[in-house]
Amino acid sequence: MNPYILSILLFGLGLGTMTTFASSHWLLAWMGLEINTLAIIPLMAQHHHPRAVEATTKYFLTQAAAAAMLLFASTTNAWLTGQWDIQQMTHPLPITMITLALALKVGLAPLHAWLPEVLQGLDLTTGLVLSTWQKLAPFSLLLQIQTPNPTMLILLGLASTLVGGWGGLNQTQLRKILAYSSIAHLGWMILVMQFSPSLTLLALMTYFIMTFSAFLVLKLNKATNINTLASSWAKMPAITALTPMILLSLGGLPPLTGFLPKWLILQELTKQALPLTATIAALTALLSLYFYLRLCYAMTLTMSPNNLTGTTPWRLPSSQLTLPLAITTSMTILLLPLTPAAMALMTI
């Protein structure tokens, strides 16, 4: 892609997100979301592959439906209450509709079906943008809405953690596995959103760091399915040794960074007298942990076929930058000791 066009599209992505961040009026927030969607569509379709075009079309239709639903709900709110302000939502009907529209935008279960299919059709760089940056604007709106019915968010969160764990079990495509991982992590964030928004933001930032390192490892390996992971030990033994820790951190295993948000979220749910919700969420984390362990097994304990076709990629040096991978990997593995500092920042 032409660097000037790429710069304009990336600027559009940033502008759309920042517009939504800065808006207090629903029309301006909707406009920011639309700019965001229109900026990423050419990035998704840039390879002109039939699968990429199909994924782009699915993404566009889903986001257009969510945006139309959000616009209709905000208009309904203005009609019922005379208010366009985001923080002045009082009527339960438009609040429910807007919550569901934003859930469709980020891919929360049961409105998640588009996310694995779309991510599967994209290259890893665009998939990383879709899994991280594209979540920010809808999340900023979800955090501003005062939901009168906490049960709906808890049900959305539990459904997402269940679907995210269950859906990834029988997958062999890495991008689909990462999509289901995204759904599960979003479920954890939604569970605690109404009780501790700062904890939701902490979980979101931690998820971004871990997903960034996971995508960069796969990009360095040029891996798209589980079988291609087996040859990584010959190309990059150090990264292959560290990747299981990245994956287990995504699964939330102590003493890695991914344990930090899960631990604090379970603690907060228990404080809010929701022990059953906390127990179900903790059990669904085991489902996710299973398919992360499967990836670890494929990467470190299986050997690739040692024929000429298999050995050729081993001799080709990678031209990609490894500094971002080194930084995010260190953060993915080693940030758990900063838990007291994170908790202190959340109470400010």
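1. Domain 1 and domain 2 bury about 2,500 Å² between them. Carbon and sulfur atoms carry 80% of that area. Buried area here is the accessible area (1.4 Å probe) that two parts lose on being put together, summed over both. Q120, L124 and F139 supply 27% of the area that domain 1 buries against domain 2, more than any other three residues.

2. This is a predicted model, in which local features need pLDDT of at least 70 and side-chain atom pairs count only at pLDDT 80 or more, while totals for chains, interfaces and linings use all residues. Residues are numbered from 1 along each chain as its sequence is written, and side-chain values use heavy atoms, with hydrogens and water left out.

3. Domain 1 spans 1-142 and domain 2 spans 149-226 + 236-304. These bounds come from an automatic or database domain assignment. The C-alpha centres of the two domains lie 22 Å apart.

4. Contact (heavy atoms within 4.5 Å) links 26 residues of domain 1 with 30 residues of domain 2.

5. The rule finds one salt bridge across the interface. A salt bridge needs a side-chain nitrogen of Lys or Arg within 4 Å of a carboxyl oxygen of Asp or Glu. E117 forms a salt bridge with K176, with the closest N and O atoms 3.3 Å apart.

6. Four helices, α4 (92-106), α5 (114-120), α6 (124-131) and α7 (133-144), each supply at least two residues of the side of domain 1 that touches domain 2. Helices are DSSP runs (H or I, at least four residues), numbered from the N terminus.
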